[in-house]
Amino acid sequence: MRGILGETSGATLYMMGKRVGNMLPAATMDEFTATIRDLKIGIPEATITDEDHISVKLYECITCAGFTYTGEMFCDMESGIIAGLLENVHGKKAKSTQTKSWSVGYNYCEFEVFLY
Ligand SMILES: [Zn+2]
């Protein structure tokens, strides 16, 4: 996948996703969940671990659901959108890192988001 898209595509997709997320109105975690569903990028389930750390599971991820094992994670657009939306909800900067994906053997995606 990386080979097709090029090595720098991940960062570009993340920044694009983040810009999209920043443009969408989301003021509460319920609105965050509703917006992700409306965008049809998946079904999110957010867990607030502590005030600066949110874990977001994404079921039915539009990018990788059903993907076979590749050992690589490439849901950078989703990661960016999640970070952008959570910035709006919390009024802080957010950095999202993908930690799980269909393509590394799970049947959902997971993103760890840190607010700063
Ligand atoms: Zn995914």
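Trainee: Where is Glu78 placed in this predicted model?

Mentor: Glu78 lies in helix H4.

Trainee: Why is Glu78 called buried?

Mentor: A residue counts as buried if 20 or more other C-beta atoms lie within 10 Å of its own. Glu78 has 29 other C-beta atoms within 10 Å, and is therefore buried.

Trainee: Which residues does Glu78 touch, not counting residues up to four places away in sequence?

Mentor: Glu78 touches Gly17, Ile41, Gly42, Leu58, Cys61, Thr63 and Cys109. Cys109 is 31 residues from Glu78 in sequence, with a C-alpha to C-alpha separation of 9.6 Å in space.

Trainee: What makes H3 and H4 roughly antiparallel?

Mentor: The axes of helix H3 (residues 29-39) and helix H4 (residues 76-90) come within 10 Å and cross at roughly 150°. Angles over 145 degrees count as roughly antiparallel, and the two helices are therefore given that description. Their crossing is right-handed.

Trainee: Which residues of H3 and H4 meet?

Mentor: From H3 come Met29, Phe32, Thr35 and Leu39, which meet Ile81, Leu85, Leu86 and Val89 of H4. This contact comprises seven nonpolar residues, one polar and no charged.

Trainee: Which residues touch the most other members of the largest nonpolar core?

Mentor: In that core of 27 residues, they are Phe32, Val56, Cys75, Ile82, Leu85, Leu86 and Val113. At least two core residues come from each of helix H2 (9-23), H3, strand E2 (53-59), H4 and strand E4 (109-115). H4 gives the most, with seven residues.

Trainee: What is Val56 in contact with, leaving aside its neighbours within four places in sequence?

Mentor: Val56 is in contact with Pro44, Ala46, Ile82, Glu110, Phe111 and Val113.

Conventions:
Residues are numbered from 1 along each chain as its sequence is written. This is a predicted model: local features need pLDDT of at least 70, side-chain atom pairs count only at pLDDT 80 or more; totals for chains, interfaces and linings use all residues. Axes are lines fitted to C-alpha atoms, for helices over the stretch in contact, and angles run from 0 to 180 degrees between N-to-C directions. Helices (H or I, at least four residues) and strands (E, at least two) are DSSP runs, numbered from the N terminus. Angles under 35 degrees count as roughly parallel, over 145 as roughly antiparallel, 65 to 115 as roughly perpendicular and the rest as oblique. A crossing is left-handed if the near helix is turned anticlockwise from the far one by less than a right angle, and right-handed if clockwise. Two residues are in contact if their C-beta atoms, placed from the backbone, lie within 7 Å. Ala, Val, Leu, Ile, Met, Phe, Trp, Tyr, Cys and Pro count as nonpolar, Asp, Glu, Lys and Arg as charged, and the others, Gly among them, as polar. A residue is buried if 20 or more other C-beta atoms lie within 10 Å of its own, exposed if 12 or fewer, and partly exposed in between; C-beta atoms are placed from the backbone. A nonpolar core is a set of buried Ala, Val, Leu, Ile, Met, Phe, Trp, Tyr and Cys residues joined through C-beta atoms within 7 Å.
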